[in-house]
Amino acid sequence: MTEAPVDVDPRAVFGSAKHPQRPGERQRPPGMSDETVDALGTLSEALEVVENARGLLYQFHRMSGTADRTLQEAVSKLRDAGHDDIAHEIEEVLVGRDVIEGRWSFQIVEDYDATYWQVFRSLEQRARHLCGNSPPHLYEAEMKASEQQLPSNTR
């Protein structure tokens with residue numbers, strides 16, 4: 001990682017974050033208000049939180065599966081070490097157990113996807129369509145274009 005010495009202008013080491021010559025990557029649909037862009041940006045922000053929650057559910061699913069496979073390995077090692085009774089007890093009570101009554105982790109993920117995530121994504125896309133056919137992440141694209149302009153005192 002490059003660190004700039006404190007007595008050197010960081011622009012000489014790292015370059016500028018400003019790119020005023022770049023055209024905007026996404027165009028605002030004609031007639032779309034700032035309020036609409038802001039509202040759709042907030043809706044997109046909410047969807048991003050749902051996407052993150054979905055990722056955590058997949059992580060929970062993977063960790064639960066890994067724990068079950070590791071548990072089975074432990075049961076096998078207990079048997080190999082001559083502890084058949086406790087190995088049998090653990091296998092009987094815990095191996096293959098539901099993580100929630102009647103459900104394995106994959107079913108939780110599938111239900112979340114079907115009853116919430118897909119519905120949320122669909123309505124976010126519909127809102128963008130009905131509010132003027134807005135491209136995704138228009139709010140962020142406009143923020144990027146704005147932030148990459150030169151400060152007014154350097155123009």
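Predicted model: local features only at pLDDT ≥ 70, side-chain atom pairs only at ≥ 80, totals over all residues.
Biologist: Which residues lie nearest the centre of the largest pocket?
Modeller: Residues are numbered from 1 along each chain as its sequence is written, and side-chain values use heavy atoms, leaving out hydrogens and water. A pocket is an open set of points on a 1 Å grid over the protein atoms alone, with protein on both sides within 12 Å along at least five of seven lines, and lining residues have an atom within 4 Å of a point. The lining has 16 residues, and nearest the centre are S64, G65, D68, R97 and V99.

Biologist: Which element gives the largest share of that pocket's lining?
Modeller: Helices are DSSP runs of H or I, at least four residues, numbered from the N terminus. Eight residues, the largest share, come from α2.

Biologist: How much space lies in the largest pocket?
Modeller: Its lining divides into six nonpolar, six polar and four charged residues. The space they line comes to about 260 Å³.

Biologist: How are α2 and α5 oriented, parallel or perpendicular?
Modeller: Helix α2 spans residues 34–80 and helix α5 spans 138–147; their axes lie 8 Å apart, at an angle of about 110 degrees. Angles of 65 to 115 degrees count as roughly perpendicular. That makes the pair roughly perpendicular.

Biologist: Which residues of α5 meet α2?
Modeller: Contact means heavy atoms within 4.5 Å. By class, this one has three nonpolar, two polar and four charged residues. From α2 come V37, D38, G41, S44 and E48; they meet α5 at L138, Y139, E140 and E142.

Biologist: Where in the chain is confidence lowest?
Modeller: The chain averages a pLDDT of 93, and 98% of the residues score at least 70. Confidence is highest in helix α3 (residues 84–93), at 98. The lowest mean, 87, belongs to helix α1 (residues 10–14).

Technical notes. Axes fitted to C-alpha atoms, helices over the stretch in contact; angles between N-to-C directions. Helix = DSSP H or I, 4+ residues; strand = E, 2+ residues; numbered from the N terminus. Parallel < 35°, antiparallel > 145°, perpendicular 65-115°, else oblique. Nonpolar A, V, L, I, M, F, W, Y, C, P; charged D, E, K, R; others polar. 1 Å grid on protein atoms, 1.4 Å probe; cavity = no way out; pocket = protein on both sides within 12 Å on 5 of 7 lines; lining within 4 Å. Points joined across faces, edges and corners; volume = space filled by probe spheres on them. pLDDT = per-residue confidence, 0-100.
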